[in-house]
Amino acid sequence: MNHSNTPILVAVAWPYASGSRHLGHLAGAYLPADVFARYQRLMGNRVLMVSGSDVHGTPITVRADAEGVTPSEIADKYHAEFVKDWERLDISWDCYTSTGTNNHKEVVQELFMTLLNKGHIDKRTSEQYFDQEVNRFLPDRYIEGSCPHCEYLEARGDQCENCGRTLDPQELVNPRSKISGSEPELRSTEHFYLRLSDFEDSLEKWLSTRQGWRKHVLNFSKGWIEEGLQDRAITRDLDWGIEIPVDDLGEGKRIYVWFEAVVGYLSAAKEWAAKQGEPESWKDWWENDEAQSFYFIGKDNIPFHTIIWPGMLIGNGGLNLPTDVPANQYVTFKGGKASASRGVGLTIGEGLDMFEPDALRYALAANLPEQSDTDISIEEIVRRINEELVATWGNLVNRVLSMVNKTCEGQVPAPGNKKDEDNKVLSEVDAMLLKASQQLEKVEIRAALRSAMDGAAAVNAYLNATEPWRVAKEDPDRATTILSTALEAINGVRVALSPYLPFSTTKLEEILGPISSWERSPVVAGTPIPKPTPLFAKIEVTND
RNA sequence: GGCGACGUAGCUCAGUAGGUAAGAGCGCUCGACUCAUAAUCGAGAGGUCGACAGUUCAAAUCUGUCCGUCGCUACCA
């Protein structure tokens, strides 16, 4: 740590534009990534935070068919919704794009050609079910039929939900298309395959040298490799997706999402560089040995980021592999997995309609599923906001600014001579900043927030011990010193909270001055302190 | 079925390499204070660490079995 000016790539999972994203997605990837990126910027590092909407794939085409619109209309609709969500939350992207750009297509095709020319991609023929009514080959999970093992009538082509067994679609008895209901026929089709098995040894070696990765991420990835890596079809019989850059296979085939979406991290970096007018600058994050990359994803995405994408990078050569993949577990909503489509939990938009963005960010950051699944509810969010954010931090700022406004003629007082107790609280705040920094370096976002709040509690305790409101009556100079010290302490605490609370941070910066680095900056005597308004509103709980 | 993670106070969660009497926040009880958004500060109560068995001088932590939850299982991404 403390490497100032290090290029740090903050790569965030690409939200799938087939529906609204919910608070679980926000807590799983976007919020921790944003906190981490903001922290790294304050440490003086060169952060490039990228992501974009994933606009291809079968679920989008199926939804488009169902609604009688085109796939791009669905993708555009949700892409616009995501962009609005990010603005409302102030997620600090350097580049938020989509997989529908020309640039992305070119980068994907270039990578495809490199892997093809190096022999890591080859052609194979397989038998796939084809739905004649909708004129489309069917992904395994869009085929239903009776399970050959338990005779469950609605088994999917990839797995029977009743007995849990993994299936091949050909095993299903009386197969039918989930899209049209008709009986599909087997047709032979030729596709490109990524030879993942080529990378088994190098991936195993690479994973065995990873330090400080989360236990579930590392074990899960090693497990995949121990089972043996299977080559994987890159292309699909689709007309919605990125064109294959060679015509060997004929019409009607596209590169499929799992292969191209992860390439987005690279294409977004190139898009950003081009927009900066320095088209080669993306290399600082991808080819520089000093550069670090952190991939913020949910646990369902682990193999794509610890096996498949690194495999593709190794095959391509010359590009940096992930430094860390701090995948989060899931947020459950009152015990159930959050899912907007099933009506469990809140979408990001609904959460923002209900809570101020900083308050929502606080409540989720305090409950991030970093070690295990985490349970949340509206009551829990309200509790976090009212009993922690408002009571400990919001109230601290308010009480200090109020006292300074009243007893120091509305401006920051001169420091005066400090006593031991004054120096003690300041060193507590400095120690907190160091501790939070160490935690954030390890991507312990939630623990670092706890540290920051402990800092706020220490300042509250200092005020209760020194009682400036009483001292002001007998010894105004001493009261002034106490309040000046409290302001300095707050100046430290707000630094540690700033990655989590961008909106109230800006509000405080207007009074106390800007935050420009990860340290407690001095307060400037004479700065006007107006009568404060609360940083956060308490949520009124209505009992109906 | 296989693989992985998880099961710790009323609630939400920490417990890094087995070892001082098991931790935090919130809630609860008592007390202090009254500058502040009935906010703050201090003290306290509260847990046989999912069950059972084993290894060890010592187990929340290691091993095995079982129960429960979640995820993955390669064509959802």
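Does Glu488 count as buried or exposed?

Modeller: Glu488 counts as buried, at 11% relative accessibility. Buried means under 20% relative accessible area, exposed means over 50%, and partly exposed lies in between (1.4 Å probe, protein chains only). The model is predicted, so local features need pLDDT of at least 70 and side-chain atom pairs pLDDT 80 or more, while totals for chains, interfaces and linings use all residues. Residues are numbered from 1 along each chain as its sequence is written, chains are lettered from A and ligands numbered from 1 in written order, and side-chain values use heavy atoms, without hydrogens and water.

Glu488 forms a salt bridge with Arg520, with 3.3 Å between the closest N and O atoms. This pair joins distant parts of the chain, 32 residues apart: Glu488 belongs to helix α17 (residues 476-497), and Arg520 to the segment after α18. A salt bridge is a side-chain nitrogen of Lys or Arg within 4 Å of a carboxyl oxygen of Asp or Glu. Helices (H or I, at least four residues) and strands (E, at least two) are DSSP runs, numbered from the N terminus.

Arg520 also forms a salt bridge with Asp430, where the closest N and O atoms are 2.8 Å apart. Here too distant parts of the chain are linked, since Asp430 lies in helix α14 (residues 420-441), 90 residues from Arg520. Arg520 counts as partly exposed, at 22% relative accessibility, and Asp430 is likewise partly exposed, at 31%. The structure as a whole holds 32 salt bridges.
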